[in-house]
Amino acid sequence: MKKIKAGVVGMGFIGVVHVEALRRLSNVEVIAIAHSDEEKAKSKARELGIDTFYSDYDDMVNNPYIDCIHICTPNYLHYEMAKKALIA
């Protein structure tokens, strides 16, 4: 079975919870994270052992290796992010 390559946007408490939960699934690999603050994105990526990080969500959405994205941002941001992910 092919591993699902996941990205997680929003590296507050819930974003980290999603990364940890996804890692417990045998068929999912978290390959990228995104956060609007570049230093926080870099720091969380290092802390979580994830090689790829973004401070611009659009860049993550356009990564052709990502199969799905977990949106862990404040609710008012979900619509635009989900729309972009579905279009991509």
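Tutor: Let us start with a term: a residue is buried under 20% relative accessible area, exposed over 50%, and partly exposed in between. Please keep in mind that this is a predicted model.

Student: With which residue does Lys2 form a salt bridge?

Tutor: The pair links distant parts of the chain, with Lys2 in the segment before β1 (4-9) and its partner in the loop between α3 (57-61) and β4 (68-71). The closest N and O atoms are 3.2 Å apart, and the partner is Asp67.

Student: Which residue caps the N-terminal end of α2?

Tutor: Helix α2 spans residues 38-48. A side-chain oxygen of the capping residue lies 2.9 Å from the backbone nitrogen of Glu39, and that residue is Asp37.

Student: How wide an arc do the buried residues of α2 cover around the axis?

Tutor: The buried residues in α2 are Ala41, Lys44, Ala45 and Leu48. They lie on the same side of α2, because their arc is only 105 degrees.

Student: Which residues are exposed on the other side of α2?

Tutor: The buried residues of α2 have cover that includes α1, β2 (28-34) and β3 (52-54). On the other side of α2, the exposed residues are Glu39, Arg46 and Glu47.

Key:
Residues are numbered from 1 along each chain as its sequence is written. This is a predicted model: local features need pLDDT of at least 70, side-chain atom pairs count only at pLDDT 80 or more; totals for chains, interfaces and linings use all residues. Side-chain values use heavy atoms; hydrogens and water are left out. Buried means under 20% relative accessible area, exposed over 50%, partly exposed in between (1.4 Å probe, protein chains only). Helices (H or I, at least four residues) and strands (E, at least two) are DSSP runs, numbered from the N terminus. The arc is that of the directions from the helix axis to the C-beta atoms. Contact means heavy atoms within 4.5 Å. A polar contact is a pair of N or O atoms within 3.5 Å; within protein, one must be able to donate a hydrogen and the other to accept it, and residues adjacent in sequence count only if both atoms are side-chain atoms. A salt bridge is a side-chain nitrogen of Lys or Arg within 4 Å of a carboxyl oxygen of Asp or Glu.
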